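Got the sequence and the model open side by side? Let's take a walk through the fold together.

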Amino acid sequence: MTGLRLSLIAGAGSALLLIAALGFQAAGYAPCELCILQRWPHVAAAGIAGLIWLTGRVRALAVLGMIAAGAAMGLAIYHVGVEMTWWAGPTHCSGGIGDLSRMTTQDLMTRLQSAPVVRCDEVAWQFIGMSMAGWNAILSAGLAGLWAIAARKSV
């Protein structure tokens with residue numbers, strides 16, 4: 001298999017992981033801050049695959065794809081560590097409260113108290129004893145390996 005084909009498969013893998021994440025979100029699993037951070041490297045990897053498809057420059061771009069997939073893997077491993085309480089996670093999570101300039105103090109307090117907080121240290125879903133972050137780490141490692149093979153084959 002050529003480096004071009006492998007890099008396109010790796011980029012498609014990142015795109016599929018993004019689609020799966022959005023599917024879980026649509027099914028009611030709200031993402032935490034770390035979940036959202038893990039998506040950005042996959043966006044980059046899918047974009048890099050698009051650049052490879054447009055330009056045909058596999059080697060240098062495949063190395064960038066490997067770095068992006070590796071970053072997704074690193075963020076996912078960090079998230080697993082937070083879920084397993086191996087280390088502390090971020091002290092804040094997302095939850096919009098609206099336009100502060102138009103709120104009374106009472107409105108602000110009501111919104112803050114009812115704002116949904118998605119905790120990074122709680123597992124929302126798991127399969128075979130592994131959380132979404134764990135699966136993302138494994139799949140991202142596989143994609144990083146595909147990117148590495150693509151870079152080597154395009155020498």
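What follows goes from the whole chain to one helix pair and then to the aromatic rings.

A quick reminder before we start: this is a predicted model. The chain holds 5 helices and 2 strands. If you follow the sequence from one end to the other, they come in the order α-α-α-α-β-β-α.

Now for the chain as a whole. It has 155 residues, and 32% of them are buried. As for who touches whom, take the contacts between residues at least 6 apart in sequence: 75% of them join residues that are at least 24 apart.

Next, zoom in on a helix pair. Two packed helices are described by the angle between their axes and the distance between the axes. Here, helix α1 covers residues 3-26 and helix α2 covers residues 33-55, and they pack at an angle of about 145 degrees with their axes 8 Å apart. The crossing of α1 and α2 is left-handed.

Which residues do the touching? On the α1 side, the list includes Leu-4, Leu-8, Gly-11, Leu-18 and Gln-25. Across from them, α2 brings in residues including Arg-39, His-42, Val-43, Ile-52 and Trp-53. Sort the residues of this α1 and α2 contact by type and you get 13 nonpolar, 5 polar and 1 charged.

Last stop, the aromatic rings. Searching the whole structure turns up 6 aromatic pairs. One of them joins Tyr-78 and Trp-87: the ring centres are 6.4 Å apart and the planes are at 5 degrees, so this pair counts as stacked. How covered up are these two? Tyr-78 has a relative accessible area of 30%, so it is partly exposed. Trp-87 is partly exposed as well, at 37% relative accessibility.

Then there's Trp-125 with Phe-127. Their ring centres are 6.4 Å apart and their planes are at 10 degrees, so this pair is stacked. A residue has to fall under 20% relative accessible area to be called buried and go over 50% to be called exposed. With 27% relative accessibility, Trp-125 therefore lands in the partly exposed class, and Phe-127 is also partly exposed, with a relative accessible area of 45%.

Terms used:
Residues numbered from 1 in each chain as written. Predicted model: local features only at pLDDT ≥ 70, side-chain atom pairs only at ≥ 80, totals over all residues. Heavy atoms only, no water. Helix = DSSP H or I, 4+ residues; strand = E, 2+ residues; numbered from the N terminus. Buried < 20%, exposed > 50% of the residue type's maximum accessible area, 1.4 Å probe, protein only. Contact = heavy atoms within 4.5 Å. Axes fitted to C-alpha atoms, helices over the stretch in contact; angles between N-to-C directions. Left-handed = near helix turned anticlockwise from the far one by under 90°. Nonpolar A, V, L, I, M, F, W, Y, C, P; charged D, E, K, R; others polar. Phe/Tyr/Trp six-rings, centres within 6.5 Å; stacked < 30°, edge-to-face > 60°.
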